[in-house]
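I opened the notebook for a friendly look through this one. Here is what I looked up, in the order I went.

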Amino acid sequence: MTEEIIITGFGGQGVLSMGKILAYSGLMQGLEVSWMPSYGPEIRGGTANAMVILSDSPISSPILLEFDTAIILSQQAMDKFENRVKRGGMLLYTPSTIVRKPTREDIKVYEIPAIEEAAKMNATKVANMFLLGSYLRLKPILEVGNVLEGIKHSVSERNWKFLPLNEKALKAGMDFIKN
């Protein structure tokens, strides 16, 4: 099993956090892991990408040109990465940040209204966790317990008070796909 993922959007959307959580969760599950963040010089609003590889065998390179899954949170990212999803792969995107929807018919495409759903929880900062939950329902390669532990290891101790909200958003994202 090897899953090659790109999570991409703008700084401040939780792109790097999602990648870090996937990486920690994979480690806790005994998988081989690569996490390669990339971001522009801006603190918020600049481009942000996280390439994550989860595998049950050694990973030869953290550099990817094509992906099994793309999680896209901006139009700029859609324009750049839609065509880099492997045939038969999967693309998840947030519709409120996308003007031109994906057009490929050789991949599975999922519109996940993560920002709107997080707003219903009065916590737009957990939209990334909603999106992550949706991804995990579609590709259940990581156990939820490991992901919750990965969240805890990915945030600073002073933000542990938000762990229940992150868990709620993660589970809501999973339920969104189930329903």
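**Fold and overall build**

I counted 6 helices and 6 strands in the protein chain, where helices (H or I, at least four residues) and strands (E, at least two) are DSSP runs numbered from the N terminus. Reading along the sequence, I noted the pattern β-α-β-β-β-α-β-β-α-α-α-α. The radius of gyration is 15 Å, close to the 16 Å from the globule rule for 179 residues, so the chain is as compact as a globular protein of that length. For that I used C-alpha atoms, and the rule is 2.2 Å times the number of residues to the power 0.38.

A note on the source: this is a predicted model, where local features need pLDDT of at least 70, side-chain atom pairs count only at pLDDT 80 or more, and totals for chains, interfaces and linings use all residues. Residues are numbered from 1 along each chain as its sequence is written, and side-chain values use heavy atoms, with hydrogens and water left out.

**Inside and contacts**

I found that 46% of the 179 residues are buried (under 20% relative accessible area; exposed is over 50%, partly exposed in between; 1.4 Å probe, protein chains only). Of the contacts (heavy atoms within 4.5 Å) between residues at least 6 apart in sequence, 56% join residues at least 24 apart.

I then looked up Asn83, which sits in the loop between α2 (75-81) and β5 (85-93). Asn83 counts as exposed because its relative accessibility is 60%.
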